[in-house]
Amino acid sequence: MYEQASHAMLNEILMELKPEIGNYRLRHFYTRLGANFYAIHSLFHLLYGERPDFKAQMVSLVETLAVRYMERSPPLRKSDLARERDYNWFLSQKWVGMALYCDRFADDLKGLRSRLPYLQDLGINMVHIMPILDCPPAHADGGYAVSDFFKVDARYGSTEELEALAATLKKRDMLLVLDVVVNHTSDEHEWAQRARRGEKKFQDYYYVFDDREMPDTFEETMPEVFPATAPGNFTWDEAMGKWVMTVFNNYQWDLNYRNPAVLIEMIDIILFWANKGADVLRLDAVAFLWKKIGSTCQNEREAHLLLQLMKDCCQVTAPGVLFIAEAIVAPSEVAKYFGEDAINAKECEIAYNATLMSLLWDGVATKNAMLLNLGIKHLPNKLERATWLNYVRCHDDIGLGFDDNDVRLSGYDPVQHRSFLIDYFTGRYPGSVARGVPFGANPKTGDARISGSLASLAGLETALEDQDPAAIDAAIKTIVLLHGVILSFGGIPLFYYGDAIGTLNSLEYLADPFRANDNRWLNRSNFDWDKAALRHQSGTLEQRIFSTLKKMIAMRKELSAFADFDNRQLLHVDNPNLLVFLRTDLHNARNRVLVVSNFNTEVQRLPLGALRPVGLFHQEAMRELCTGERIMVENDAVTVPPLSCCWLVD
């Protein structure tokens, strides 16, 4: 769209750019800047238009975009052009991700390069390296308390070694995902240190107050993120003599995006790592970006405007790079991080499907799919050119963030049902085989989240201790079932390191005084390469899990119906233990897969009444892709094995 005011300002800004910028060939940059500038100008004006330095800040922003574009290497620019032409490239079914800690998986970045064959053996081609930027050794919060946004922590290697890894991944047709912590910094970051020394410029980078009046006003409506370990939302800093907002931990200072300089700094950081070879950037804690008195300071409209600005600016300089929204929020809020009132994604192209994750665990505990079916039915619609990141476990705890109304419709009381789930997964419920622990328990509300590894939560740890072959078999089936759903659901499946070989809870963190009070480290163990070697030894539990998942991943990549183009049809069947949906190739309706998951420990009957109207089972049989078995009709129904995810084709 041509809009006179914004384009007039663009012409003025171009005249004020540093002279050396004009010495470069920037044809594609200027084309993209012109195409995106109306949106950039409009959003920037909505946020900062009342400031007297508005135009100067706009000049600074455009200069930042130009300088980072000039630094972008020819191979990355070529990749940008290819991805602009094939703009749905990331919706393909061929992408399968894994999240891992660099040091815990492979010691350092060099070690990670040497361990890529393991990932490729499984079929992983998207590698999410958990945060590796410079952090204080004592207060790192697992890498999310950054002290230098432009430096790889020396414990992992160097920026040059990261670039070498990125180049190796590209040669292997693998994607690199990196974290950028956009909400806060470490209190040891240079900005925080200079704020401590009294520099007003850098105190304005944070929410800093002389007394408790404003903090108390904020806290009237702000919830506590870590009530047990980091209560409150403000910390008194003795050196600065002021209160500073610290929503997460007292050593993590929240950034003040009411200051446009903070936004420009963060866009510069994002583009820096895009230029180092990241294909996807995971933006951490995006729901918290804008703080407003009288609100929860989460999911504010301005937070979405900031993300739109970040995306538009990235489109100008590095359009081949995608954003992941790390927004673990209510189901009704999640899809907003793709963008509201839009057709295509205009904030982040990818968002974590935390609701599906928690619903899957509900199915494990209840041994039925009632709440799972309702929750999926009521999942918000995603936009075009947007996709879910589907996962079973990650580095974090498990929240029970499904909709209370869905819980009631399933026949449960929301409070009592969450209490049951917490008791079940922490082993307190009679008959439970799970070995999780409560995390972030709030004695005021009775709420808690759950820590623990996938295998231990699925019952494998208990089964091995009891030396019970049937229980081991059930745990392995549960692990495969959960992954079968995320591989077929629609979106990018994200595995977690260690889950493909049945890694159990690890108590090694208790010996570390800086981690001992955070039980999420149960699920952040050092990868056991001796255990991984057993994946090639027939009959081992490692081989049983790994080989099955490897086959399913390979199968997924061949099924065009599993590409993510809003081509999932949830089917209501007369059996509450089953989750049933149909995936259809939009370009060839004959290519379709019926996915049937049984969360019960007993064989279940699937009536065909809901399947025949959509053209299924007219031949009285379908084939299960992973086993090759023929599924035959008997008495107008088929039987579904216990704890299984079946992919059926005509």
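Is alanine 285 buried or exposed? Alanine 285 is buried, with a relative accessible area of 3%; here buried means under 20% relative accessible area, exposed means over 50%, and partly exposed is in between, using a 1.4 Å probe and protein chains only. This is a predicted model, in which local features need pLDDT of at least 70 and side-chain atom pairs count only at pLDDT 80 or more, while totals for chains, interfaces and linings use all residues. Residues are numbered from 1 along each chain as its sequence is written, and side-chain values use heavy atoms, with hydrogens and water left out.

**Residues in loops**

- Alanine 285 sits in the loop between strand E11 (280–284) and helix H13 (301–317); helices (H or I, at least four residues) and strands (E, at least two) are DSSP runs, numbered from the N terminus.
- The phi of alanine 285 is positive, at about 60°, although this residue is not a glycine.
- Aspartate 141 is another residue other than glycine with a positive phi, near 50°.
- You will find aspartate 141 in the loop between strand E3 (133–134) and strand E4 (148–152), and it is buried, with a relative accessible area of 18%.
- Glycine 436 belongs to the loop between helix H18 (414–425) and strand E15 (437–439), and it is buried at a relative accessible area of 7%.
- Leaving aside neighbours within four places in sequence, glycine 436 is in contact with Phe425, Thr426, Ser451 and Leu457, where contact means heavy atoms within 4.5 Å.
- From C-alpha to C-alpha, glycine 436 and asparagine 519 are 9.7 Å apart in space, and they are 83 residues apart in sequence.

**Aromatic rings**

- A search of the whole structure finds 38 aromatic pairs. Rings of Phe, Tyr and Trp (its six-membered ring) pair if their centres lie within 6.5 Å; planes under 30 degrees apart count as stacked, over 60 as edge-to-face and the rest as tilted.
- Phenylalanine 218 and phenylalanine 234 form a tilted pair, with 6.0 Å from centre to centre and 45° between the planes.
- Phenylalanine 218 lies in helix H11 (residues 213–219) and phenylalanine 234 in strand E8 (residues 234–237), so this pair ties together parts that are 16 residues apart in sequence.
- Both phenylalanine 218 and phenylalanine 234 are buried.
- Ring pairs also link Phe105, Tyr118, Phe527, Trp529 and Phe546 into a cluster.
- Arginine 535 lies over the face of phenylalanine 546, at 5.2 Å from the ring centre. A charge sits over a ring if NZ of Lys or CZ of Arg is within 6 Å of the ring centre and within 35 degrees of the ring normal.
- The charged end of arginine 212 sits over the ring of tryptophan 243, at 4.5 Å from its centre.

- E18 pairs with strand E19 (residues 578–584) in the antiparallel sense over 3 bridges, and glutamine 569 stands opposite leucine 582 in E19.

**An enclosed strand**

- In strand E17 (residues 492–496), 5 of the 5 residues are buried, so the strand is largely enclosed by the rest of the structure.
- Ile492, Leu494 and Tyr496 point one way from E17, while Pro493 and Phe495 point the other way.
- Strand E1 (residues 97–100) runs parallel to E17 and is joined to it by 3 bridges; alanine 99 has tyrosine 496 as its bridge partner in E17.
- Strand E14 (residues 387–391) also runs parallel to E17, with 3 bridges joining them, and the bridge partner of asparagine 390 in E17 is proline 493.

**Two packed helices**

- Two packed helices are described by the angle between their axes and the distance between the axes.
- The axes of helix H2 (residues 27–48) and helix H3 (residues 54–71) come within 11 Å and cross at roughly 145°. Axes are lines fitted to C-alpha atoms, for helices over the stretch in contact, and angles run from 0 to 180 degrees between N-to-C directions.
- Residues of H2 including Phe29, Leu33 and Phe37 are among those that meet residues of H3 including Met58, Leu61 and Leu65.

Definitions and conventions: Pairing = 2+ DSSP bridges.
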